[in-house]
Amino acid sequence: MEKDTLFDTRGAGRVQFRFDDTVARVFPDMINRSVPGYAASLDGISLIAHQVVRPGGRVYDLGCTLGAALLAAAKGIGDRPATLIGIDNSEAMISRCREDARFDNQSQQFEFELCQIEQMSFEPADLVILNYTLQFLPPPARTPVLARVFRALRPGGALVLAEKFSFEAPGIAERMTALHHDFKRAHHYSDLEIAGKRAALENVLIAETRQNHADRLADIGFTDIVLWHASINFGAFLAFRADD
Ligand code: GEK
């Protein structure tokens, strides 16, 4: 796995964060060292996929990057046939997925599409995953995307929504940011790298509070909304389209 050094001495030069080829090369290292609980969220996706994906079902991973969440879902689905579709608007990511041998020789069929999540149309689905992706969509686009996801889900189908969270109370926000930075230091990012990445993500990653997310999901019509995973200022919701 190539080590993420994008924000070391060259950090100041990277003005705005983009999911380009330099990020694609180091992505697994970057996300594991930057997102507390990332591996646990993938483990949870396996368990959830095991429960909700029926034989012949369909799974979407929106903002699939290198397809880690799809592989996790496939693990949970086991030998049931299913179609797993990865969507990303980064050419660097989708071309890597298409060449990745891990998506061959499985019971499931994998498809990768280069497109904007905001512009896609969905086929009926058992499970839709947004694993740390919604936070990169412009805020006004978020409700329409989630509403289309809801309509695409079959009754009993589920959404996994993992995000970075913001906090309204300034004291809590400060503490969570300090803990997150300590997490990164513990994973051998320097203060320069932490500051460089933070500046590059400004206005690119726009986090919302847990309450905002939960309220929006409920307004759209999701039921049994639960925060099933949390680690410092990151976490994941599970939400269902009720059975008819
Ligand atoms: C994982 N889910 O490893 N349309 C399509 N893709 C987009 C859009 C958009 N509008 N905006 C951002 N992306 C992955 C991790 S990373 C999260 C998800 C992170 C894509 C973007 O190109 C990137 O690949 C992904 O969303 C976000 O489980 O790096 O913190």
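A cavity is a set of points, on a 1 Å grid over the protein atoms alone, where a 1.4 Å probe fits but cannot get out. Grid points are joined across faces, edges and corners, and a volume is the space filled by probe spheres set on the points. By this rule the predicted model has one cavity of 30 Å³ or more.

This is a predicted model: local features need pLDDT of at least 70, side-chain atom pairs count only at pLDDT 80 or more, and totals for chains, interfaces and linings use all residues. Residues are numbered from 1 along each chain, and side-chain values use heavy atoms, without hydrogens or water.

**The cavity**

The largest cavity holds about 40 Å³ of space. Its lining residues (an atom within 4 Å of a point) are Asp4, Phe7, Lys184, Tyr189, Glu193, Ile194 and Lys197. Helix H7 (residues 191-201) gives the most, three residues. By class, the lining has three nonpolar, no polar and four charged residues.

**The ligand**

Around the ligand stand 20 residues, of which Tyr38, Gly63, Thr65, Asp88 and Asn131 come nearest. A residue counts here if one of its heavy atoms lies within 4 Å. The shell has 10 nonpolar, eight polar and two charged residues. Polar contacts are pairs of N or O atoms within 3.5 Å.

| Residue, N or O atom | Ligand atom | Distance |
|---|---|---|
| Thr65, side chain | oxygen | 2.8 Å |
| Asn89, backbone | nitrogen | 3.2 Å |
| Glu118, side chain | nitrogen | 2.9 Å |

Taken alone, the ligand exposes 660 Å², and the protein buries 94% of that. Accessible areas come from the Shrake-Rupley method with a 1.4 Å probe.

Terms used:
1 Å grid on protein atoms, 1.4 Å probe; cavity = no way out; pocket = protein on both sides within 12 Å on 5 of 7 lines; lining within 4 Å. Helix = DSSP H or I, 4+ residues; strand = E, 2+ residues; numbered from the N terminus. Nonpolar A, V, L, I, M, F, W, Y, C, P; charged D, E, K, R; others polar. Polar contact = N/O pair within 3.5 Å; in protein donor to acceptor, adjacent residues only side chain to side chain.
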